[in-house]
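Subject: Handing over the structure

Hi,

Here is the structure I promised to pass on to you. Please have a look at it first, and then read on for what I found.

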Amino acid sequence: MADPMRIRAQIEGSKATVRVLMQHEMETGQRKDSAGKVIPAWFIQEVSATHNGKPVMTAEWGPAVSKNPFMSFVLKDAKAGDKISVTWKDNKGDTRTDEVVVA
Amino acid sequence: MQDRRAFLNHSATVALLLAGVGMVPSTARAAWSGPAFEAKSMADLMKAMNASSAPAESKDVTLTASEVAENGAVVPIAIATTLPGVKRMLLLVEKNPNILSAAFDVSDALEANFATRVKMGQSSNVYAVAMMADGKVLFAQKEIKVTLGGCGG
């Protein structure tokens with residue numbers, strides 16, 4: 001099972017900035033190991049977020065996103081106590097969801 | 001024991017196989033836009049995304065990043081636009097093996113303002129692309145110099 005994400009949702013007026021740090025290899029499939037064999041691609045393909053259970057964003061990523069990816073997005077309308085949940089899914093079908101309360 | 005000729009032949013075969021692997025990245029799964037992520041140029045990408053109009057540069061789209069990235073493995077980039085009616089924001093790195101790095105869908109609940117970190121193999125132009133609901137495609141670009149590539153072993 002994949003390691004937990006670190007999520008922080010910070011209120012600025014009526015908006016909330018959500019910052020997410022995921023733990024993932026993000027192997028591109030371009031690199032070779034010491035024996036010259038291609039290391040198979042392994043990366044997060046889909047990221048989605050919900051705000052109090054309502055889907056608010058989806059993203060598609062390629063292998064060019066850095067290892068242990070960082071992402072931030074801004075919710076237009078949020079308040080303290082709201083729940084934000086973020087899910088990712090990688091190209092091997094592994095998935096992880098973490099939730100945070102807006103502070 | 002292989003002689004030199006057989007060895008060379010063998011290497012050539014392996015090289016071809018490797019090239020084949022490089023040309024066709026991992027097979028895409030159901031929802032993921034595989035063809036878009038395999039695009040090598042802006043034109044290919046727009047075709048894969050079914051964009052109806054040619055991309056135009058716009059001052060209303062912003063790309064925030066430092067001009068020099070010390071480490072190509074981790075290049076922080078922010079893309080944003082203040083325009084209403086954005087459907088999707090894309091982040092492209094021109095000289096990467098595949099141009100599209102990330103695509104964010106913009107919903108009504110979100111500002112079109114995203115940040116992430118990408119890998120860059122070499123110094124390159126980077127694009128922030130906004131795909132509008134009315135079919136327009138607007139972009140901003142910036143050259144980022146990389147001192148240490150992010151795609152090597």
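A:Phe73 has B:Phe114, in S7(B), as its bridge partner. That pair belongs to a place where S5(A) and strand S7 (residues 110-118) of chain B run antiparallel, joined by five bridges. Strands here are DSSP runs of type E with at least two residues, numbered from the N terminus, and two of them pair if DSSP finds at least two bridges between them.

Before going further, please note that this is a predicted model, in which local features need pLDDT of at least 70 and side-chain atom pairs count only at pLDDT 80 or more, while totals for chains, interfaces and linings use all residues. Residues are numbered from 1 along each chain as its sequence is written, chains are lettered from A and ligands numbered from 1 in the order in which they are written, and side-chain values use heavy atoms, with hydrogens and water left out.

Now to the interface. Chain A puts 36 residues in contact with 35 residues of chain B, contact being heavy atoms within 4.5 Å. The two chains bury about 3,000 Å² between them, 50% of it on carbon and sulfur atoms; this is the accessible area (1.4 Å probe) lost on putting the two parts together, summed over both.

Two salt bridges cross between chain A and chain B, where a salt bridge is a side-chain nitrogen of Lys or Arg within 4 Å of a carboxyl oxygen of Asp or Glu. A:Lys15 and B:Glu111 form a salt bridge, at 2.8 Å from N to O. On the chain A side, the elements giving two or more residues are strands S2 (15-21), S3 (44-51), S4 (54-61) and S5 (70-75). S4(A) gives the most, with seven residues. Sorted by class, that side has 17 nonpolar, 10 polar and nine charged residues; nonpolar covers Ala, Val, Leu, Ile, Met, Phe, Trp, Tyr, Cys and Pro, charged covers Asp, Glu, Lys and Arg, and the others, Gly among them, are polar.

Over all chains, the salt bridges come to nine. One of them joins A:Arg31 to A:Glu27 at 2.8 Å, N to O. A:Arg31 is partly exposed at 27% relative accessibility, while A:Glu27 is buried at 8% (buried is under 20% relative accessible area, exposed over 50%, partly exposed in between, with a 1.4 Å probe and protein chains only). A:Arg96 and A:Asp98 also form a salt bridge, with their closest N and O atoms 2.8 Å apart, and both residues are buried.

Happy browsing!

How values were computed. Helix = DSSP H or I, 4+ residues; strand = E, 2+ residues; numbered from the N terminus.
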